[in-house]
Each structure stands twice: as C-alpha cells, then as structure tokens.
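Trainee: I'm new to this one, and I'd like to learn how to read it feature by feature. Could you walk me through it?

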Amino acid sequence: MEKLSVEQLKAKSKLVRRHIVEMTGAAASGHPGGSLSATEMLVALYFNLMDHNPQDPQWPDRDRLILSKGHASPALYAALAESGYFDPKTLTDFRKLGSPLQGHPDRRKLPGVEASTGSLGQGLSIGIGMALARRLDKKNYYTYVITSDGEMNEGQTWEAAAMAAHHKVDHLIAFLDYNKYQLDDSTKNICDMEPVVDKWKAFRWHTFEIDGHDVKEILHAVEKAQKVKDEPVMIIAHTIKGKGVSFMEGNNAFHGVAPTPEQVQKALKELE
Amino acid sequence: MEKKLGKATRDAYGETLLEIAKIHPEVVVMDADLSKATKSVIFAEKFPERFINVGIQEANLVGVAVGLASCGKIPFISSFASFLVSKGFDQFRMGVAFSELNVKVIGSHGGISVGEDGASQMSIEDIALMTSLPGFVVIVPSDEVCTRALTLETAKYVGPVYIRTGRPKAPILYKAGTDFKIGKGVRLREGKDLTIIANGLEVFEALEAAEQLAEEGISASVIDMHTVKPLDTDLILEEARRTGHVLVAEEHQIWGGLGSAVATFLAKKHPCKMGFVAIQDTFAESGQAEELLEKYGLTHPHIIKAAKKILGR
C-alpha cells in the first residue's frame, strides 16, 4: 500500500476518530475512550509502517497487527475499512446481530483481524508466537501488538515479557497505549504499575517512550525498533483517553459508555 | 485377565512425536518446564530447533502456540494436565477454541494414578473443562498402541485436540499397529446383559470385571471410548438398545466426564439403567497408584459391584 505522509496521517486520524464516534454512537455501546487513545498508532501502522494487502489478507509475508486491547475494536475496524478491507459504510453495523464487526475482534468473522481478543493480557503471547513462526520460516515480516496499561495488571503479560526476552524474540514491536485509565478508575488508583518504563527495561525489552498522539514520533520510534536485533521492543506511548473530543478527553466516563446522539453531533463538529 | 504392563501413555506420546516430526514439518513442540515428565523431551533432543520451552508459564505457553498456529504451524503443547488445563483455560477458550486454531494440547499425569505426588498434581477435572470448549476434540487413550495411533491421527486432524496421558505404565490391550479413528469407540468384548463404557486405565479394569462377571453368568460388553468428544453415539445407542444397562468407568471426577456425556446422550435417545464408576466429588491424596485407584473406587471390584447393582443382582 502507498505510504501516507505525516500530514495525511493526521487527516486520516481525524477520519478514524469520526468513525469511532459514529460507530459507538450508532451501537449505543462500545469503548470510545480507549479507541480514541490508540488512533494515531493504528493509523501510522496501517497507512505507513505496515506491509499489508487488503486484497489478500492472508498474504503470508504480511506484517501482522494484534489489538490486544480488544475493546478498542472501533479504532481497528475504522483503520481496516479505510485501508480497503471492507466498505466503510458498513462500520455503523458495529455490534449489530449478524455483523462481522463484533464487540471485540473476531478473526473468524472479519478478514484483516489477526487475533481474537477481548480477554486482556493475551496479545503479547500471540505476537511472540507469530514472531517465532517468522524466525522458523526465515521470513522478514514484523508483528505489532497494541497493549493497554490496564493489561499490565495481568500475570500473562509478564510471563510473555520474560519469555520473549529469554528467547531473544525480535521483529516483535509492541505499543503500550498508556492513557492512564482503566475501567474502574485511573491506573494509579486501581493497580499502579509504575515505574512502567523501568519494568520493561528490567524484563530486558528494548524500550522507547513517546507521545502516542504525535505521528512523527511514532514513525521515528518504529523505524528504529525495526532495526533492533535479538530483543523484543516496547514503545511506551503516552496518550490521552478520549483524545480528540473535548468532553471525552481524560473523562473516564467514556471508557465503556457510548456518546448520546447529541454528543455524537457535538463530537463530529469538533472533528471537522 | 492377564495384566501385561506396557509403556505409560505419556511415553508412547513422546515417542510418537518423533514419527510425527518426519511426516509433518510444520509441527512445533512446546512445553512448560516439564518436558522430562510429559516426555516431549524425546522430541526436544532430536529436533531442538522445533522445540520451545517457555519455562513455568502455562498461560503464555498457550498464547504463543496460538500465534504459531495462526501462521500455519501445528503446535503440540504439553504440561501436567492439572496445570495446563486450569492455568491455560482462558487461552484455550479465546485463543484456540473461539479462534478455531489448530493447536494440539497434551495434558500428562491425568487422573489419580499420578500416585505419590498427591492431589495438587492430579487432574480430575480436565475432561469436564476441555469438553466444555466448543470444537475441541477430547481423547483419553488407554494403552501405548492406542496412544500412538491417536496421536498420529491428531497430527492429521485439523482443529483443536486435547489428549490426556497418564503417568504409570498402562496394561497392554491392543496388538501393535491396531487402527484407531478419532470419535470411533472400540468394542473389546461383546455381551448381552450390560455394557461397560470406559477409557484410560479403566478399560483394563472393565475387561477384568467383565471376565469375572462372566464367571457368575453375567455377560458384559466392554467399550474403549477413547474419544469423549465427539462421542461415538452410534455405538452407545446400539449397545444400550441391546443390553439395556450401561455402566461408565473413568478416572475422573464424576461431574462432567465421560459418564455425564454418555448419560446426556442416552437420556435423550434411549433412557436406560445406568451406573457410574468415577471419583465421587473429592480430591485424592498421596499413595501408590494401585492403592489410590482402589481407595477411590476405580478398580475392577468396584466395577463389578456397580454392574450388579444396576442389574439388580
């Protein structure tokens, strides 16, 4: 696919945000906050960094993306639709009976979804498996995983962290969408995982710390991450939950609650 | 009946992996630091580049297998059934069953015949858990011949499979080279009064019981129901119609095992008198395998008693 420029990626991010608002609004359910925080990462990956082919979703040499924080599915679906995997007009079927756009990603139902997620903590392990398959098959693809700060509470995250470093798994580039909130409250108040960067370093991951809404920083970090040998990479991306919609930013009420029709209109106006 | 001990089913599994390695280049074997006990070490020594030891972490073990399977590999993953099934269950549910991926799961040290290591190491609930996952094939082989054949079948089959293997040497029931099909039970003995359906070590106990029952004029069929899911319902129905009395024997908790599966089917299709030889809603303890099987009601005298009870004798 043609690689978009930084300016084009910014415009695409706005478009993806509009889809997120419309999809969750139409479904009257879903998780807008964590979808909006992950938007630039997904846009940078699908429209610049990843080698993939919407006409051949099973192309064996493709780069892979696992949305470990499966509740951010609206952002993933919007990126897939805008990439050409399916018609963006169907995005508002999100969460409706019979639609492939399930509440959480289902690899059996939607081409382009690499892993079924929705039970937190599983994505890194699956990514390690894909990266090990690459090594066995002597291929060159990259496996990207988008994880959440809440997921760091899960024990499996740290099983995966230890194992990937021990087995020197490279071509595995993970993002931590560090929006500082989980369902019940701030990460600080529920189960504070700080010092986060030090933890990943201590687990022998190659780490980067960036502004997760700055497309240039994302591109720059991934370009460096692709050159890392014998180490898995964790890009700690500081983000804002609900980013792009003034009344959702940093407002955890929109973790798992959709905007009302009036709020949808207000949000779309802000995203023009 | 003469009891000739063969290999443990876990040994037969490990040895069969060497055959599978040659037929299926896409097979990758994984373990969670128990390869010397599960016997995946046999493969690891010969094919180190296709073996992954993740350390003591079952959830990640399953997750990594999911990633490998989604790239076309066929992971055979093993650990003790007690740890693998319970600690990897969410990953089996989401990553393997729900995702419909070709992952083969081998839980060793099934049942209470683990012996001296005690209850924490004994899986008595694995069959209930794994049969509850949509699409999973669940197999409990009885001896080394059966284990080898069904492990080879498992490699050919596309989809999730769980195989339970055992720690102790298992009595030999079959001639080398006997064919087995996933989902097709084996009638080892044909009778007219009663059908005993068993799997794992209980198949030998059932045959022993049938022989002694015959001396008392009771004629019993014995079925090796090595596949719990999909269940060989044709064979069960044929037997239930002929004998009218069905006894199920398994080295598993009475809730949710082979007995429950057979009873659910027969309740719909052909209600008849039934009995259940299984672990009676309790954990076991340390001891020798034979002592434990006797204490927890799984040896042939218990099968004979249960048979007579449902026959009203």
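What follows is a talk through some sheets, helices and a chain contact.

Mentor: Two ground rules before we start. This is a predicted model, in which local features need pLDDT of at least 70 and side-chain atom pairs count only at pLDDT 80 or more, while totals for chains, interfaces and linings use all residues. Residues are numbered from 1 along each chain as its sequence is written, and chains are lettered from A and ligands numbered from 1 in the order in which they are written.

Trainee: How many bridges join S4(A) to S5(A)?

Mentor: Six, and S4(A) runs parallel to strand S5 (residues 233-238) of chain A. As a landmark, look for A:His206 opposite A:Val233 in S5(A). Contact here is when C-beta atoms, placed from the backbone, lie within 7 Å. Axes are lines fitted to C-alpha atoms, for helices over the stretch in contact, and angles run from 0 to 180 degrees between N-to-C directions.

Trainee: And which way do the residues of S2(A) point?

Mentor: In a regular strand the side chains alternate between the two faces of the sheet. In S2(A), A:Thr143, A:Val145 and A:Thr147 point one way, and A:Tyr144, A:Ile146 and A:Ser148 the other way. Six of the six residues of strand S2 (residues 143-148) of chain A are buried, so S2(A) is largely enclosed by the rest of the structure. A residue is buried if 20 or more other C-beta atoms lie within 10 Å of its own, exposed if 12 or fewer, and partly exposed in between, with C-beta atoms placed from the backbone. On one flank, four bridges join S2(A) to S1(A) in parallel, with A:Arg64 partnering A:Thr143. Six bridges join S2(A) to S3(A), also in parallel, and A:Ser148 has A:Asp177 as its bridge partner.

Trainee: Now helices. At what angle do H5(A) and H6(A) pack?

Mentor: Two packed helices are described by the angle between their axes and the distance between the axes. For helix H5 (residues 123-137) and helix H6 (residues 155-166) of chain A, the angle is about 25° and the axes are 8 Å apart. Angles under 35 degrees count as roughly parallel, over 145 as roughly antiparallel, 65 to 115 as roughly perpendicular and the rest as oblique. H5(A) and H6(A) are therefore roughly parallel to each other. H5(A) brings A:Leu124, A:Ser125 and A:Ile128 to the contact, and H6(A) brings A:Gln156, A:Thr157, A:Ala160, A:Met163 and A:Ala164.

Trainee: How far does H1(A) reach from its first C-alpha to its last?

Mentor: Helix H1 (residues 6-27) of chain A has 22 residues and reaches 31 Å, close to the 32 Å expected at 1.5 Å a residue. The expected span is 1.5 Å times one less than the number of residues. Buried residues of H1(A) include A:Leu9, A:Val16 and A:Ile20. The buried residues of H1(A) pack against helix H2 (32-37), helix H3 (39-49), helix H4 (73-83), H9 and helix H10 (261-270) of chain A.

Trainee: Finally, how many residues does each chain give to the contact between them?

Mentor: Chain B gives 22 residues and chain A gives 21 residues. On the side of chain B, H4(B) gives the most, with nine residues.

Note on methods: Two residues are in contact if their C-beta atoms, placed from the backbone, lie within 7 Å. Helices (H or I, at least four residues) and strands (E, at least two) are DSSP runs, numbered from the N terminus. Two strands pair if DSSP finds at least two bridges between them.
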